[in-house]
Amino acid sequence: MLKRQRCEDFETFLPQTKKLISEKLVDQQDQNKMIKVHEKTISLLFKAARDKKTPEQIEAETIDIPLCQQVVLSGNGAILSRNITDLIVDISLESRKSKCCHREAFVRSDCCNCTQPLCEYCGHSCAECGVFLCDSCVLLFGCGNVERPLCEKCALYESL
């Protein structure tokens with residue numbers, strides 16, 4: 001068997017190099033593709049400039065007010081705004097079936113006492129703090145009455 005030759009044995013030594021050629025490098029040499037990339041970049045920049053919001057608008061979107069602080073539920077399907085000055089309360093104006101009574105409802109939440117699902121037909125707002133209570137807690141477990149429902153925390157202070 002012959003042995004492998006050494007580098008010194010060759011008359012002309014050319015070192016081997018590897019060249020990685022990716023699709024990106026090939027595309028950079030093609031002028032038509034670069035023009036398309038440039039046009040797409042410019043269109044995205046102009047779109048972002050049109051959609052740019054002021055810091056006040058961004059701050060207003062990030063403040064997420066809980067639903068129980070926006071509306072009052074009376075248990076009969078009526079949804080009242082907590083602030084009289086608010087004309088429209090954002091309650092995700094999408095009506096879906098509720099988990100509690102399977103009716104089409106705008107407000108879907110959980111009871112603060114027993115964590116059962118409730119909607120505007122099955123829920124009441126606490127007269128003191130405004131959190132949502134289900135019919136079972138108000139009628140069966142004595143959390144206030146239908147005219148003045150109270151959550152467990154507010155019922156503790158009411159009895160003192």
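This is a predicted model: local features need pLDDT of at least 70, side-chain atom pairs count only at pLDDT 80 or more; totals for chains, interfaces and linings use all residues.

User: Is G142 buried or exposed?

Analyst: G142 has a relative accessibility of 54%, and because exposed means over 50%, G142 counts as exposed.

User: What does the secondary structure of the whole chain come to?

Analyst: The chain has 5 helices and 8 strands, and when they are read from the N terminus the order is α-α-α-β-β-β-β-β-β-β-β-α-α. Of the 160 residues in the chain, 20% are buried. The chain exposes about 13400 Å², and carbon and sulfur atoms supply 56% of that area.

User: How should I read a nonpolar core, and which residues form the largest one here?

Analyst: In soluble globular proteins, nonpolar side chains tend to be buried together. In this model the largest nonpolar core has 10 residues, namely C68, V71, L73, V107, C111, L118, F132, C134, C137 and C143. Two strands, β1 (71-73) and β8 (132-134), each supply at least two residues of this core. There is also a second, separate core of 6 residues, which includes C126, V138, C151 and C154.

User: Which residues is L118 in contact with, if its neighbours within four places in sequence are left aside?

Analyst: With those neighbours left aside, L118 is in contact with L73, C100, V107, R108, S109, D110, C111, G123, F132, L133 and C134. For the chain in general, among contacts with a separation of 6 or more, 28% are between residues 24 or more positions apart.

User: Several of these residues are cysteines, so how many disulfides does the structure hold?

Analyst: A disulfide is a covalent bond between the sulfur atoms of two cysteines. The structure holds 0 disulfides. C112, for example, is in no disulfide, and its nearest cysteine sulfur, that of C151, is 4.8 Å away. C112 is partly exposed, with a relative accessible area of 36%.

User: Where does the model have a salt bridge, and which residues form the pair?

Analyst: A search of the whole structure finds 1 salt bridge. R148 forms this salt bridge with E128, and their closest N and O atoms are 2.3 Å apart. The pair links distant parts of the chain, since R148 is in the loop between α4 and α5 while E128 is in the loop between β7 (123-125) and β8, 20 residues away. R148 counts as partly exposed at 35% relative accessibility, and E128 is partly exposed as well, with a relative accessible area of 45%.

User: Finally, which residues form a nonpolar patch on the surface?

Analyst: The patch is formed by L139, L140, F141 and V146, which together have about 470 Å² of accessible area. One of them, L139, is found in helix α4, and at 56% relative accessibility L139 counts as exposed.

Definitions and conventions:
Residues are numbered from 1 along each chain as its sequence is written. Side-chain values use heavy atoms; hydrogens and water are left out. Buried means under 20% relative accessible area, exposed over 50%, partly exposed in between (1.4 Å probe, protein chains only). A disulfide is a pair of cysteine sulfur atoms within 2.5 Å. A nonpolar core is a set of buried Ala, Val, Leu, Ile, Met, Phe, Trp, Tyr and Cys residues joined through side-chain atoms within 4.5 Å. Helices (H or I, at least four residues) and strands (E, at least two) are DSSP runs, numbered from the N terminus. Contact means heavy atoms within 4.5 Å. Patches are made of residues with over 30% relative accessible area and no salt bridge: like charges are joined within 9 Å, nonpolar side chains (Val, Leu, Ile, Met, Phe, Trp, Tyr) within 5 Å. Accessible areas come from the Shrake-Rupley method with a 1.4 Å probe; for residues, only the protein chains shown count as cover. A salt bridge is a side-chain nitrogen of Lys or Arg within 4 Å of a carboxyl oxygen of Asp or Glu.
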